[in-house]
Amino acid sequence: MSSKQSLSTLLTPNSVNHTQHPSLKCRFYNLEINPLENQAYLEYASNSLREAYVDNDYLSSVLAREGFEGVTKLFSERFPPASNEFGVRTGDFGEVIAHMVLQDFFGHTIPVMKLRYKTNWEKAAFGVDVVAFHLHASDPSQDTVVFSEVKASKQKDYGIDNIFEEISLLVEEGQPESKQKMRNAVRFVSERLFGEKQFELEKRIYRFLDCYTNPKYVESFFPFLVRDKATWNNDALSGKTLRKLEPDKVILCVFLLDNLEDTMNAVYLKATQWQQN
């Protein structure tokens, strides 16, 4: 499963429609996996998680050279250890869910999986969590970019103030180019695409380096919270503000899972059970 529709079918019917958040005034999604689709979601999420860390063609190459022992070793090197549950592993897991939602629910393109470029697998990746692009097949001049920051936790209040601060800092005025986080994030994607010889796509994305001088290039900012259904309550958002952000440029998304800890560990375990197509 990889299409936008396939993810929608795993969600509760009521959660796929957005509302306006009553106090923040931005678009607000409360996405929730349908309990009847838990097994399908496990399969779907494990495939997405594996591909976020390792290219499938490379996995096939490792299998041909070293057998399944080599594949198992690669996963142990790339996946954060279970002992790091509510640290790096949780952060990575949240980013993968944001990938899924941005790609398969909203239909955006994420051409570079940042988790593949981590140099220390026991630390969080650097920079903006997820950079996605809304690419228009008929008119590339209408292409836009989306910046997402992600916080995942079974604690309902964890990181909420931070996520709005981090998103707001992206648009802080008066920054030198070397400190402009959106520009640096786009540069990272541009360089990787160029190195992979994806020249046409890189050319479309390169112009977003000017997103500070051309704010229309930014379609939206996407604060994304992954939470445990048993502990989450929307009152955790009470009293929060978007700081310098315009409400119509923000999509706030809460993604709810039954027992975040167990689900996360099950997804990582399932991801190691890879078989070549």
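1. (A salt bridge here is a side-chain nitrogen of Lys or Arg within 4 Å of a carboxyl oxygen of Asp or Glu.) The two residues sit 79 apart in the chain, K156 in the loop between β4 (144–153) and α5 (160–169), D235 in the loop between β5 (218–228) and β6 (251–257). K156 is partly exposed at 26% relative accessibility, and D235 is partly exposed at 41%. (Buried means under 20% relative accessible area, exposed over 50%, and partly exposed in between, with a 1.4 Å probe and protein chains only.)

2. A word on what you're looking at: this is a predicted model, where local features need pLDDT of at least 70 and side-chain atom pairs count only at pLDDT 80 or more, while totals for chains, interfaces and linings use all residues. Residues are numbered from 1 along each chain as its sequence is written, and side-chain values use heavy atoms, leaving out hydrogens and water.

3. Next, K240 and D161: their side chains meet in a salt bridge at 2.9 Å, N to O. K240 belongs to the loop between β5 and β6 and D161 to helix α5, so this pair ties together parts 79 residues apart in sequence. D161 is partly exposed, at 43% relative accessible area.

4. Then there's R116 with D55, a salt bridge whose closest N and O atoms are 3.7 Å apart. R116 is in the loop between α4 (85–105) and β3 (130–134) and D55 in the loop between α2 (38–53) and α3 (56–78), so the pair ties together parts 61 residues apart in sequence. Both count as partly exposed, R116 at 28% relative accessibility and D55 at 32%.

5. How many salt bridges are there in the structure? It holds 10.

6. Stepping back to the fold, the protein has eight helices and six strands. (These are DSSP runs numbered from the N terminus: helices are H or I with at least four residues, strands E with at least two.) Along the sequence they run α-β-β-α-α-α-β-β-α-α-α-β-β-α. The radius of gyration is 18 Å, close to the 19 Å from the globule rule for 277 residues, so the protein is as compact as a globular protein of that length. (That radius is taken over C-alpha atoms, and the rule is 2.2 Å times the number of residues to the power 0.38.)

7. Last, some overall figures: the C-alpha trace spans about 50 × 45 × 35 Å along its principal axes, and 48% of the 277 residues count as buried.
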